[in-house]
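This walk-through takes up strand pairing and then salt bridges. Please keep the sequence and the 3D view open while reading.

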Amino acid sequence: LRAWGSNQTGQLGNGSTDPTDVPVRVQLPSGTKVTQARAGCFHTVALTSKGHVLAWGDNSLGQLGNGSTVSTDTPVRVKLPSGTKVTAVRAGCRFSLALTSKGHVLAWGDNGQGQFGNGTTTGSNTPVRVKLAQGTTATAISAGEDFGLARTSKGHALAWGENSLGELGNGTTVSSETPVRVKLPKGSKV
């Protein structure tokens, strides 16, 4: 895995905070194979072939999910709930999301705008579960600056968090601390 650009919080994961205009190697643990990597505002998250999640860079609000708020310029392992296998990761601005093999969504870091979708605005430096409606299975996720999105197995789109500019697509500009359904055109599936 290689990264380049701004690096003031160690978001390139190469053991330094020096910027670079050429790709540099991320210092992954020996034998680690990355299947996905996503860049947030000042941090990066990556999914490994074993379903583990690594993160590096700014951790001032717990967005690395390792139980601390200490930033790091090399990858650290996110403290996932026991037995959890992650299939996708996304990075927002100061928060992160993960999709599990069971169709659950996890969030960690900043939650000031309700971007955890768990009914609170309390942040966490370890993953917490997004409160999807009973029987809802997520099949894909995305993270915006301060909001989260999920596609459901029924082809619906859910959104939560900041909504001052209509990010949640539900016909309002009221933010939501729990997932709301995006108002898609009739008959549309995501």
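Two strands are said to pair if DSSP finds at least two bridges between them. Strands (E, at least two residues) and helices (H or I, at least four) are DSSP runs, numbered from the N terminus. The model is predicted, so local features need pLDDT of at least 70 and side-chain atom pairs count only at pLDDT 80 or more, while totals for chains, interfaces and linings use all residues. Residues are numbered from 1 along each chain as its sequence is written, and side-chain values use heavy atoms, with hydrogens and water left out.

Start with strands E11 and E12. They run antiparallel and are joined by five bridges. In this pairing, Ala138 lies opposite Thr152 of E12.

Four residues lie between E12 and E13 in their hairpin. Gly155, in that turn, has a positive phi of about 85 degrees.

Now turn to the charged side chains. A salt bridge is counted when a side-chain nitrogen of Lys or Arg is within 4 Å of a carboxyl oxygen of Asp or Glu. This rule gives a count of two salt bridges. Which residues are linked in a network of salt bridges? They are Arg94, Asp110 and Asp146.

In one of these contacts, the side chains of Arg94 and Asp110 meet at 3.9 Å, N to O. Arg94 sits in the loop between strand E7 (86-91) and strand E8 (95-100), and Asp110 in the loop between strand E9 (105-109) and strand E10 (124-129), so the pair ties together parts 16 residues apart in sequence.

Arg94 also forms a salt bridge with Asp146, where the closest N and O atoms are 3.6 Å apart. Asp146 belongs to the loop between strand E11 (138-143) and strand E12 (147-152), so its pairing with Arg94 ties together parts that are 52 residues apart in sequence.

How accessible are these residues? Buried means under 20% relative accessible area, exposed over 50%, and partly exposed in between (1.4 Å probe, protein chains only). Arg94 is partly exposed, because its relative accessibility is 26%. Asp110, at 16%, counts as buried, and Asp146 is buried with a relative accessible area of 13%.
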